[in-house]
Amino acid sequence: MALLLAMYQKMRLIREKNQATLDLTKFSSKYNRVSKNIERVQKRYTSLFAQLDSQAKQMQSYAKVMFQNQFGLGTNNFNYNYTGMNSFVNGLMQKWLTEGFDYEDKDGKSQNYKMGSDTFSKMMAEYMQKGYFEPEYEGEGSSRTPKKDSNGNIVYEGGYTPDDVQFFNQAMQNAKMQQQQAQMACSNMSQAYDQNVSIWLEAAKAQLEAEQDAALEPLNYEQTMWELEKEQAEQKLTRIKAELESYTQLCSEESKEQAPKFGLG
């Protein structure tokens, strides 16, 4: 009787073990499926976050170029040579000098100065080549001095007047100052834009995080439920295996007890 009961329990446990193994396989499969769905959602939002960062950088880069061009500070305006001259300064100087302006001379008299386009081009070419304007000289050796006209003004090789040289240098100084002011204004505007982009990026990321949380919440809940089912199935299978081993051992012992001994035991 004991052997039959043990065999009955063993068969029952084998059936339960098979069912528990099937359940564990099913729960593990569903758990893995949900985990993969979570991974896909996370990858998708990781890509979206990266796209936001890339978009923000592009916005800042494009804006910087736009502001530089707006202030005349783009790459086309800065073909420097060794004198430090560039298109920005050159353009302002040409505008001021060739359009002309009023000024007071040393005697307090009102004068008007205007440089011809040819003279400006000639002076700019010489300045770009030498970095200064060469006067004519007279005398030799240590007695060599700049040549002066009857009014005591220096005579330059290019035929420029002292006013030409003075106003050329003054216009260059003023243009460089305006360039510095433009650079500062451009930098301030770029910084303000960058800050606004940072604020936008933070808000966009916050919204995207909320969307991500909403997308992951049901999946995380489902994953938790299947994880619990999986753990319970594992525990159940472990318990059944232990009981089955016990009944298998019991059946073996009962079989030995009921086996004929033929007078040997």
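Leaving aside its neighbours within four places in sequence, Met93 is in contact with Met85, Phe120, Met124, Phe168, Ala171, Met172 and Ala175, where contact denotes heavy atoms within 4.5 Å. These contacts are read from a predicted model, in which local features need pLDDT of at least 70 and side-chain atom pairs count only at pLDDT 80 or more, whereas totals for chains, interfaces and linings use all residues. Residues are numbered from 1 along each chain as its sequence is written, and side-chain values use heavy atoms, with hydrogens and water left out.

Met93 belongs to the largest nonpolar core, a set of 26 residues in which Met93, Leu97, Phe133 and Phe168 touch the most other members. A nonpolar core is here a set of buried Ala, Val, Leu, Ile, Met, Phe, Trp, Tyr and Cys residues joined through side-chain atoms within 4.5 Å; buried stands for under 20% relative accessible area, exposed for over 50%, and partly exposed for values in between, with a 1.4 Å probe and protein chains only. Two or more residues of this core are given by each of helix 1 (2-70), helix 2 (87-99), helix 3 (117-130) and helix 4 (162-258), and helix 4 supplies the largest share, eight residues. Apart from this core lies another, of 23 residues, among them Val41, Ala204, Trp226 and Leu237. In soluble globular proteins, nonpolar side chains tend to be buried together.

The secondary structure of the protein chain comprises four helices and four strands, which follow one another from the N terminus in the order α-α-β-β-α-β-β-α; helices (H or I, at least four residues) and strands (E, at least two) are DSSP runs, numbered from the N terminus. The radius of gyration of the protein chain, taken over C-alpha atoms, is 46 Å, whereas a compact globule of 265 residues would have a value near 18 Å, the globule rule being 2.2 Å times the number of residues to the power 0.38. Along the principal axes, the C-alpha trace spans about 155 × 45 × 25 Å. Of the 265 residues, 27% count as buried, and among contacts between residues at least 6 apart in sequence, 68% join residues at least 24 apart.

The protein chain exposes about 17900 Å², of which carbon and sulfur atoms supply 51%; accessible areas come from the Shrake-Rupley method with a 1.4 Å probe, and for residues only the protein chains shown count as cover. The mean positions of the 30 positive and 35 negative charges are 12 Å apart, with Lys and Arg counted as positive, Asp and Glu as negative, and His and the chain ends not counted; the place of a charge is NZ of Lys, CZ of Arg, CG of Asp or CD of Glu.

Individual positions illustrate the range of accessibility. Leu73, in the loop between helix 1 and helix 2, counts as buried because its relative accessibility is 9%, and its C-alpha atom is separated by 8.1 Å from that of Gln179, 106 residues apart along the chain. Tyr247, in helix 4, is partly exposed, with a relative accessible area of 26%; its C-alpha atom and that of Leu13, 234 residues apart along the chain, are separated by 8.9 Å. Gly116, placed in the loop between strand 2 (110-113) and helix 3, is likewise partly exposed, at 36%, and a C-alpha separation of 5.8 Å relates Gly116 to Thr98, 18 residues apart along the chain. Gln129, which lies in helix 3, counts as exposed because its relative accessibility is 60%, while Gln129 and Thr83, 46 residues apart in sequence, are 8.2 Å apart in space, C-alpha to C-alpha.
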